[in-house]
Amino acid sequence: KLAFFRPGGSRMAKKQRPYNKEPKGKGPPAPVPGSNRTIRRERVEACLKGTEVNGWPVVKTTMSEVKAIAKKLGIQIPAEPPPGVELFVPKPRVSRQEQQQQTKPASTSLEALKATLKAKEAENRQREVEEKLAECQERNKEQALALQQLVEQQVALNETLEQKLLKRQSAQEDECIICRNKKPDTVIFPCRHQHVCSLCLHDLIRRHNSRAAACPSCRTPIGFFSTVYRL
């Protein structure tokens with residue numbers, strides 16, 4: 001018969017374990033000598049027998065293991081762990097939903113912080129905009145006041161100019177347009193202009209022939225003239 005060999009050349013053989021497994025429901029399997037489990041069991045047995053060695057640290061184990069060791073030793077199963085033995089409380093299993101619920105507060109807190117930061121940024125921006133608007137409004141008010149002052153000054157200047165023009169026109173109307181000394185007291189026909197005094201008109205007619213003389217205002221030939229006397 002052929003034997004099965006490994007690539008290394010040795011025959012495949014089942015690894016013999018250092019202890020035999022006990023059937024389920026008849027206590028834990030026998031521990032390996034020298035391992036942490038055997039040391040723990042030895043300390044638990046010593047604590048159950050009352051022969052605890054001074055200087056040993058407190059042993060952490062489960063109540064089911066304590067009961068199994070007491071049953072193996074033939075001792076009455078204690079309701080509570082003996083002195084020197086501390087029950088190992090396993091961490092409770094947390095489901096995914098519970099993990100999500102635990103992580104949700106952190107995420108919600110981060111979201112709340114982000115929301116508060118965004119709100120503060122928006123408030124700061126709004127304040128800056130309001131300040132800029134206030135500055136613009138103040139500048140507009142100042143410019144409007146300056147413009148109003150300029151308009152008032154221009155109106156005053158126009159009024160003074162109009163008054164000066166009216167005075168000048170009235171003064172010109174009250175003066176002869178030739179000599180600028182006497183008042184115009186002669187009306188020329190047919191144009192009916194009264195802008196010349198009688199002396200200047202007589203001098204004008206003398207210089208030119210009567211047919212060539214013309215009104216100094218509109219250059220219309222003089223037909224006849226009459227002197228106006230004021231009371």
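A residue counts as buried under 20% relative accessible area, as exposed over 50%, and as partly exposed in between (1.4 Å probe, protein chains only). Helices (H or I, at least four residues) and strands (E, at least two) are DSSP runs, numbered from the N terminus.

The model is predicted: local features need pLDDT of at least 70, side-chain atom pairs count only at pLDDT 80 or more, and totals for chains, interfaces and linings use all residues. Residues are numbered from 1 along each chain as its sequence is written, and side-chain values use heavy atoms, with hydrogens and water left out.

Start with helix H2, residues 63–73. Its buried residues are Met63, Glu65, Val66, Ile69 and Ala70. Viewed down the axis of H2, these buried residues fall within an arc of 160°, so they line one face of the helix. The arc is taken from the directions that run from the helix axis to the C-beta atoms. What do the buried residues of H2 pack against? Their partners are helix H1 (36–49), strand E1 (59–61) and strand E2 (85–87). Contact here means heavy atoms within 4.5 Å. Now turn to the face of H2 that points away from its buried side. That face carries the exposed residues Ser64, Lys71 and Lys72. After H2 comes Gly74, with a positive phi near 80°.

Arg180 lies in the loop between helix H3 (96–173) and E3. Its phi is near 60°, a positive value in a residue other than glycine.

Move on to the loop between strand E3 (186–189) and strand E4 (193–196), where Pro190 lies. The peptide bond from Phe189 to Pro190 is cis, and its omega is near 10°. Arg192 lies in the loop between E3 and E4 too. Arg192 is not a glycine, yet it has a positive phi of about 65°. Arg192 is exposed, at a relative accessible area of 63%.

Finish with charge. Side chains of opposite charge can pair when their charged atoms come close. A salt bridge is a side-chain nitrogen of Lys or Arg within 4 Å of a carboxyl oxygen of Asp or Glu. How many salt bridges does the structure hold? It holds one. The side chains of Arg206 and Asp203 form a salt bridge, at 3.8 Å from N to O. These two residues are three apart in helix H4 (residues 198–207), so about one helical turn separates them. Arg206 is exposed, with a relative accessible area of 69%, whereas Asp203 is partly exposed, at 34%.
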